[in-house]
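Me: Please take a close look at a single part of this model and walk me through its surroundings. I would like one connected account.

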Amino acid sequence: MYIAMNRFKVIKGAEADFETIWRTRQSYLNELNGFVEFSLLKGPEREDHTLYASHTVWETKADFTAWTQSDQFRKSHARAGQPQAKPTSMGHPEFEGFEAVMIDDNRGKPSIAAE
């Protein structure tokens, strides 16, 4: 399993606009092999921003890499480079990628560890 996360520093007061952008965009993720799930996470509030993270789970790192090189990726990020009437985040998102070493869940499967 591979987890890809982007951390966003969302400007205080722009949280609702930021969430609307995500709720109204077409992601095309379900068209890709190896896609498992997506979450938009809202984290702690700081003095000047609120931390958010986009969180995708993939069956393999290769599946994630294929996503980043796909037409679906380009289409889903087409609006990202366009200027907005009012900015919602501070700077570019910070990417973090993780390969699963161990997975334990409550879906009726025994724990597994990557070898």
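Me: Is E15 buried or exposed, and why? Which residues is E15 in contact with, leaving aside its neighbours within four places in sequence? Please go on from there to strand 3.

Reply: In this predicted model, E15 counts as buried because its relative accessibility is 13%, and buried means under 20%. The residue belongs to helix 1, which covers residues 15-24. With its neighbours within four places in sequence set aside, E15 is in contact with V10, T50 and Y52. S89 is 74 residues from E15 in sequence, yet the C-alpha to C-alpha separation in space is 8.9 Å.

Strand 3 spans residues 49-58 and is mostly covered, with 10 of its 10 residues buried. In a regular strand, side chains alternate between the two faces of the sheet. In strand 3, T50, Y52, S54, T56 and W58 point one way, while H49, L51, A53, H55 and V57 point the other way. Both sets are buried.

Strand 2 and strand 3 form a hairpin, with 3 residues between them.

Methods. Residues are numbered from 1 along each chain as its sequence is written. This is a predicted model: local features need pLDDT of at least 70, side-chain atom pairs count only at pLDDT 80 or more; totals for chains, interfaces and linings use all residues. Side-chain values use heavy atoms; hydrogens and water are left out. Helices (H or I, at least four residues) and strands (E, at least two) are DSSP runs, numbered from the N terminus. Buried means under 20% relative accessible area, exposed over 50%, partly exposed in between (1.4 Å probe, protein chains only). Contact means heavy atoms within 4.5 Å. Two strands pair if DSSP finds at least two bridges between them.
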